Amino acid sequence: MEGAGEFVLPTLNFLTYVGIGCIVLGVLLILGILKGNAGVVGNILGGVAVIAVGIFVITLKYPGKITIEPDHLVLKVPLYKAKLIEEAAIRRIWIEDLDNSAWRPVRKTSGSNFGKVRSGWFRLKNGRKAFLVLYGMKAICIEMDGGQLFLLGMKDFDRFEEAVRLNIPQLSPVGVPIK
């Protein structure tokens, strides 16, 4: 369907550099160029551990992705099981400017927060808990029948909003505000 596709949060390039730095440090430990007091075996084990941390950090480079398909959305965030939002299970949906809103994320409970990019579980100003795949301060808020709450937004919010409207008929036609 037209408008379907993937929206990815901006990459976090500094995590790539941190990961590469860890991998280089691990290799230097293994080769014995950097020496510690742990001995040869300790340096090798330490090097392997630092390389593993580097690889893990690099996997966090892409903080989140939303795939939009007819009748559902799929949210993917590193270290979380993919979340499926089916149109039939949506209780309420609306667009929210989060700057002075009760729906604004105020505390990370289990997720990542790098500048304008937030993904994972957050506590909101109104006390509710929500799963975020969000860039910036404008979000499509989705409350599910079971009470689960999602805040979604991308850098090009207008294009993201249009794609959601085109693929989730429950939301409303393009140009009609989401109620």
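## The largest pocket

Leu15, Leu60, Tyr62, Pro63, Val77, Pro78, Leu79, Tyr80, Gly111, Ser112, Phe114 and Ser119 line the largest pocket of this predicted model. Its volume is about 160 Å³. Strand E6, residues 105-114, gives the most to this lining. Its share is three residues.

Two of the lining residues, Leu79 and Tyr80, come up again below. Tyr80 belongs to an aromatic cluster.

## The main nonpolar core

The largest nonpolar core holds 26 residues. Within it, Ile85, Val133, Ile142, Leu152 and Phe160 touch the most other members. Strands E2 (65-69), E3 (72-76), E5 (90-97) and E7 (117-124) each supply at least two residues. So do strands E8 (129-135), E9 (138-144) and E10 (149-152), and helix H3 (157-167). H3 brings the largest share, four residues.

Leu152 shows how these parts meet. Neighbours within four places in sequence are left aside here.

Another core lies apart from the largest one. It has 12 residues, among them Trp94, Leu98, Leu124 and Ala139.

## Aromatic pairs and clusters

The whole structure contains six aromatic pairs. One of them joins Phe7 and Phe160. Their ring centres are 5.3 Å apart and their planes stand at 75 degrees, so the pair is edge-to-face. The cut-off for that class is an angle over 60 degrees. This pair links distant parts of the chain. Phe7 is in strand E1, residues 5-8, and Phe160 is in helix H3. They are 153 residues apart. Both are buried. Phe160 is also among the residues that touch the most other members of the largest core.

Tyr80, Trp121, Phe131 and Phe150 form one aromatic cluster. Lys83 lies over the face of Phe131, at 4.9 Å from the ring centre. Lys129 lies over the face of Trp121, at 5.3 Å from the ring centre.

## Loop residues with positive phi

Asp71 is in the loop between E2 and E3. Its phi is near 75 degrees, a positive value in a residue other than glycine. Asp71 has 41% relative accessibility, so it counts as partly exposed.

Leu79 is in the loop between E3 and strand E4 (83-86). Leu79 has a relative accessible area of 65%, so it is exposed. Leu79 is also part of the pocket lining.

Ile20 is found in helix H1, residues 13-31. At 42% relative accessibility, Ile20 counts as partly exposed. From Ile20 to Asp97 the chain runs 77 residues in sequence. In space the two are 37 Å apart, C-alpha to C-alpha.

Methods:
Residues numbered from 1 in each chain as written. Predicted model: local features only at pLDDT ≥ 70, side-chain atom pairs only at ≥ 80, totals over all residues. Heavy atoms only, no water. Core = buried A, V, L, I, M, F, W, Y, C linked by side-chain atoms within 4.5 Å. Buried < 20%, exposed > 50% of the residue type's maximum accessible area, 1.4 Å probe, protein only. Contact = heavy atoms within 4.5 Å. Phe/Tyr/Trp six-rings, centres within 6.5 Å; stacked < 30°, edge-to-face > 60°. Lys NZ or Arg CZ within 6 Å of the ring centre and 35° of its normal. 1 Å grid on protein atoms, 1.4 Å probe; cavity = no way out; pocket = protein on both sides within 12 Å on 5 of 7 lines; lining within 4 Å. Points joined across faces, edges and corners; volume = space filled by probe spheres on them.
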